[in-house]
Amino acid sequence: MEIREELEELRAKLDKGFSPETSNTGDSSTSKGHCAAVAYIVHRLYGGDYLSTNWKGESHWFNLIPYNGEVYEVCLTSDQFDRLPPIMWSKLHECSRGLYPDTVVRDQSDLGQKTIDRAWLLADYCCLDLKI
């Protein structure tokens, strides 16, 4: 399976689980307010690093993952911002600029326990096995 297909499959599962209970805004059944929780899920499934940026005045989390010997920046909640598709990914190489400007690597400890709890709830709603 190609990375695009895997990401589309995962996003389709996540769409079914997005709810006010899993959003940090408490009022969204879309990807809005789910970026850090989804970044946690992607990290549990693929490994890699957490990334974040400040996009339009908001902190936005996404991932850097290994996949079939390559490394990709992956964002499964980009549609919470105007005119961006639901899924974005970019294979990293020497000339790569990445998905977002001013991206920084983050640590899981930056997520906070409430975000991790929301991620586990979202994974449960989506029937995802996060490999304990």
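**Strand pairing, burial and backbone geometry in a predicted model**

In strand S5 (residues 104–106), Val105 is the bridge partner of Leu51. The model is predicted: local features need pLDDT of at least 70, side-chain atom pairs count only at pLDDT 80 or more, and totals for chains, interfaces and linings use all residues. Residues are numbered from 1 along each chain as its sequence is written, and side-chain values use heavy atoms, with hydrogens and water left out.

The chain has three helices and five strands. Helices (H or I, at least four residues) and strands (E, at least two) are DSSP runs, numbered from the N terminus. Along the sequence the pattern reads α-α-β-β-β-β-β-α. The radius of gyration is 14 Å, close to the 14 Å that the globule rule gives for 132 residues, so the chain is as compact as a globular protein of that length. This radius is taken over C-alpha atoms, and the rule is 2.2 Å times the number of residues to the power 0.38. Along the principal axes, the C-alpha atoms fill a box of roughly 40 × 35 × 30 Å.

Of the 132 residues, 44% count as buried (under 20% relative accessible area; exposed is over 50%, partly exposed in between; 1.4 Å probe, protein chains only). Among contacts (heavy atoms within 4.5 Å) with a separation of 6 or more, 53% come from residues 24 or more positions apart. The chain exposes about 7300 Å², and carbon and sulfur atoms supply 48% of this area. Areas come from the Shrake-Rupley method with a 1.4 Å probe; for residues, only the protein chains shown count as cover.

Strand pairing requires at least two DSSP bridges. S1 (residues 49–55) and S2 (residues 58–67) pair in the antiparallel sense over seven bridges. Ser52 stands opposite Trp61 in S2. The two strands form a hairpin with two residues between them, and Lys56 in the turn has a positive phi of about 55°. S1 also pairs with S5, in the antiparallel sense, over three bridges.

S3 (residues 70–75) and S4 pair in the antiparallel sense over four bridges. Tyr72 has Lys91 of S4 as its bridge partner. In a regular strand the side chains alternate between the two faces of the sheet. Along S4 (residues 88–91), Met88 and Ser90 point to one face and are buried.

Beyond residues up to four places away in sequence, Phe18 touches Arg11, Ser28, Ser29, Thr30, Ser31, His34, Val38 and Leu122. The C-alpha atoms of Phe18 and Ala123 are separated by 9.7 Å, although 105 residues apart along the chain. Ser19 lies between helix H1 (3–17) and helix H2 (35–46). Ser19 is buried, with a relative accessible area of 9%. Leaving aside neighbours within four places in sequence, Ser19 is in contact with Ser28, Ser29, His34 and Tyr125.

Most residues other than glycine have a negative phi. Asp102, not a glycine, has a positive phi of about 55°. Asp102 lies in the loop between S4 and S5 and counts as exposed, at 69% relative accessibility. Cys127 has a positive phi near 60°. Cys127 is found in the segment after helix H3 (113–125) and is exposed, with a relative accessible area of 71%.
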